Amino acid sequence: MDHLLIAPVVLPALVAPFIIMAVRHHLDLQRIFSLASVVLLAAVSLTLAAQALDGTVKVYELGDWPAPFGIVLVLDRLSAMMIVLTSLLALPVLLYAIGSGWDTRGANFHALFQFQLMGIMGAFLTGDAFNLFVFFEVLLIASYGLMIHSGGTRRFQAGVQYVVFNLLGSTLFLFALGTLYSVTGTLNMADLAVKVAQIPAEDTALLRVGAVMLLLVFAIKASLLPLHFWLPSAYANAPMPVAALFAIMTKVGAYSILRIYTLIFGPEVQATAGLTEAWLLPAALLTLGAGAIGVLGSKKLGRLAAFGAIASMGTLLIAISLFTQTAAAAALYYLVHSTLAAALLFLVADLVMERQGPWILPQLPMPQTGLISALFFAAAIALAGMPPLSGFLGKLLVLDATRGVDLAPWIWAVILLGSLITIIGMARAGSLLFWKGHGLPPEDADTSAEPPVDTLPARPAQLPFVACFGLLGGLIALTVFAGPATRYAEATAAQLFTPTAYIETVLGRTAE
Amino acid sequence: MELLVASAVGILTAAGIYLILRRRSFPVILGLSLITYAVNVFLFATGRLATAAPPILNKYEEVAYTDPLPQALVLTAIVISFGMTAVVVMIALGAYLSSRDDSTAMPVETEGAGDDA
C-alpha cells in the first residue's frame, strides 16, 4: 500500500503538536516549521494529483482493514483537486500571516493553522461518512481557535455565534448519520452507495429524512441562504488571513454536497429522487442575490468581503444543484476560482484595514495606496466575474451549463443581475476608499478616519504583497490555462457521475 | 422501551432548542449539552434496542448480540461534544468578560465607534 495518500493528514497532525510542545517560545522556528509543512503539503498533494490524473481511484485502508469495516481514505480526481487547492491556498495565506505579523498577535497561530489544514485535508480525502464528521470537527475546532485569534470584544461575540451555530450543525450531522446508519447499517460512502440503491421501498421515508438532514448540514457549511447567518459576522470579525483560509471551508460544504449527492444519493437513485433538485437551486439563487445585495450594503470592509464570499458560493451552488455533468464541470472550475478570489479579497481587505481601519469611508490616501487599490480592483473584478479574469469564464461555463433546465431564464437573470450588483457594490467601496479621500482636507479626514488600533508591524511589509500577488497569479494562471483546467474539471465531473469505479475500488470488488 | 427512548430524545432536543433560542450564553450552552445528550441517545438507538445482549459476536453459541458500531460512534461523539462544550464555555466566558454582557446576539455597531479590528 502506498502510504503517501495519508501524508496530507499525518503531516500537519505531526507538525502541529511539535510546534506547540517543542518550539512554542520561538516564533521564528514556528514560522519555519509551519511554512515547511505547508510547502511539503503542496508537494505531496501535487504528487497525489499527478497519480490521480489518469482517473485511477486509490484507496488507503487504515490499519489494513478492508473497506466496509475499516476506515478508508480515497483519492480520486475530485479529492486530488481539492487538496491541491487547499495547499496552494494555505501557502500565500500563511506567508501573509507571517508578513503582516498576524501570527504574533495571539498564541498558537501556527499550530491551529496546521490543525485546520489537517481537518480540511482529511475531509477531502476520507471515504467514510462518520470520518467526514470527525474531520469536520477537527477543522471546526481549529477554526474556532483561529477565529478568535488575537481577541477583542467583537471577535469574541462573533466567535460565540459561530461556535454555537456550528455545534448545532454538528449535532444535526450526527442525527443524519444515525438515521442513515439505522436504515443501511453502514457509513462507508461506497458501501452506502450500494446499500441505498437496493433499499426496500418501505424504508425510503427514513432514508429521505437522513438525506435531507445531511444536505442541511452541508448547506450550513456552504452558507446556503436560510442557513448563512453565521458567516458574515464570523468572517468579518475573524482576522483577515484566517478568513482567507476560511474561503476553503465553505467549499468543504460544497465538496460534500457534490460528493454525497453524486455518489450515494445520485440523480438516478429512486429513493431520494427529486429531493435536492427541488429546493437547492432556489436556495442557491437566493444566496447569490443576498450576497450581492450584502456587498452593496456593507459599511465595513470585512463584511463586504464576507458577502462577496456568500455571493460566489451562490453561483457555485447554482452550478452544483443542477446535478448534470457539464454543470458539475463548470462548478469545479468556478470552485477553484472563487476560493482564490475570495481569499485575495480578504487579504486585500486586511491591507486596507491595517492602514485605515475597517470602515468604508472617504479617507486620506494611505501608504502604498496605488498598489493596494490595484489589488482591490483585481480582486473585485475577479469576485464579481468580470473579464478578463477567470470568474468571467467560470460564470460563462455555469450559464452555458443551464441549457435545457426549466429555470434557465431565472438562473441567467439572477447570475447576471447578481454580478451587476456585486460590481456596483465593489465600485462604490473602491471609489469611497481610494478616490474620495484625495479631495478631503486633512483635518476633516482626521475626525472621520480613526487610526488603526494596531500599529503597523516594524518589519518590511513585502511579504503580504507577495502573498496577494501569489493569489492573483493563481487567478491569472487559471485564466490562461483555462483549457487544461476545464478539461480536468470535465474529466473530474465524468468520474463523479460514473461512480462504479470508485465503489468497486473501495469495496475491493476488482481486487488487485 | 422504544417509546421511552424516542420521547427522551424528543424532549431533550426540544428543551435544548428552547434554551438555545433564549440567546443568553448560559442557557445556550446548557441547551447545546442537552442536544448533544439527545443525539448520543439517538445514535445509541440506531443499532436497534436490545437489553442484556453483549456487543460482541460469539461464534460458539447462538446468542443475540447488539450492534457494537453505534456504541463506538457514540463514544467518539461524546468525546467530541465534551471538547466542543469546553471550547464554547471558554469563548462565551471570554465574550462575557470583555463585554460584560452574556447575550449571544451581536450588538448593533455605529459608524466609526468602538471597533477593535
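Student: In this predicted model, which word describes how α3(A) and α19(A) lie to each other?

Tutor: The two are helices (DSSP runs of H or I, at least four residues, whereas strands are runs of E, at least two, all numbered from the N terminus), and they cover residues 77–99 and 482–497 of chain A. Their axes (lines fitted to C-alpha atoms over the stretch in contact, with angles from 0 to 180 degrees between N-to-C directions) come within 8 Å and cross at roughly 135 degrees. Angles under 35 degrees count as roughly parallel, over 145 as roughly antiparallel, 65 to 115 as roughly perpendicular and the rest as oblique. The two helices α3(A) and α19(A) are therefore oblique.

Student: How many nonpolar residues are in the contact of α3(A) with α19(A)?

Tutor: Contact means heavy atoms within 4.5 Å, and here R77(A), L78(A), A80(A) and M81(A) of α3(A) meet Y488(A), A491(A), T492(A), Q495(A) and L496(A) of α19(A). Ala, Val, Leu, Ile, Met, Phe, Trp, Tyr, Cys and Pro count as nonpolar, Asp, Glu, Lys and Arg as charged, and the others, Gly among them, as polar. By class, one residue of this contact is charged, two are polar, and the nonpolar ones number six.

Student: What is the mean pLDDT of chain A?

Tutor: Residues are numbered from 1 along each chain as its sequence is written, while chains are lettered from A and ligands numbered from 1 in the order in which they are written. This is a predicted model, in which local features need pLDDT of at least 70 and side-chain atom pairs count only at 80 or more, while totals for chains, interfaces and linings use all residues, and side-chain values use heavy atoms, leaving out hydrogens and water. The pLDDT is the predictor's confidence in each residue, from 0 to 100. In chain A, 95% of the residues reach 70 or more, and the mean is 88.

Student: How many of the residues of α13(A) are buried?

Tutor: Helix α13 covers residues 325–356 of chain A, and its 32 residues reach 46 Å from first C-alpha to last, close to the 46 Å expected at 1.5 Å a residue (1.5 Å times one less than the number of residues). Buried means under 20% relative accessible area, exposed over 50%, and partly exposed in between, with a 1.4 Å probe and protein chains only. The helix α13(A) is largely enclosed by the rest of the structure, because among its 32 residues the number buried is 30.

Student: What is the relative accessible area of Q114(A)?

Tutor: Q114(A) lies in helix α4 of chain A. Leaving aside neighbours within four places in sequence, Q114(A) is in contact with P12(A), V15(A), A16(A), I19(A), S34(A), S37(A) and V38(A). The residue Q114(A) is buried, and its relative accessible area is 0%.

Student: Is F323(A) buried or exposed?

Tutor: F323(A) is found in the loop between α12 and α13 of chain A, and it has a positive phi of about 50 degrees although it is not a glycine. With a relative accessible area of 7%, F323(A) is buried.
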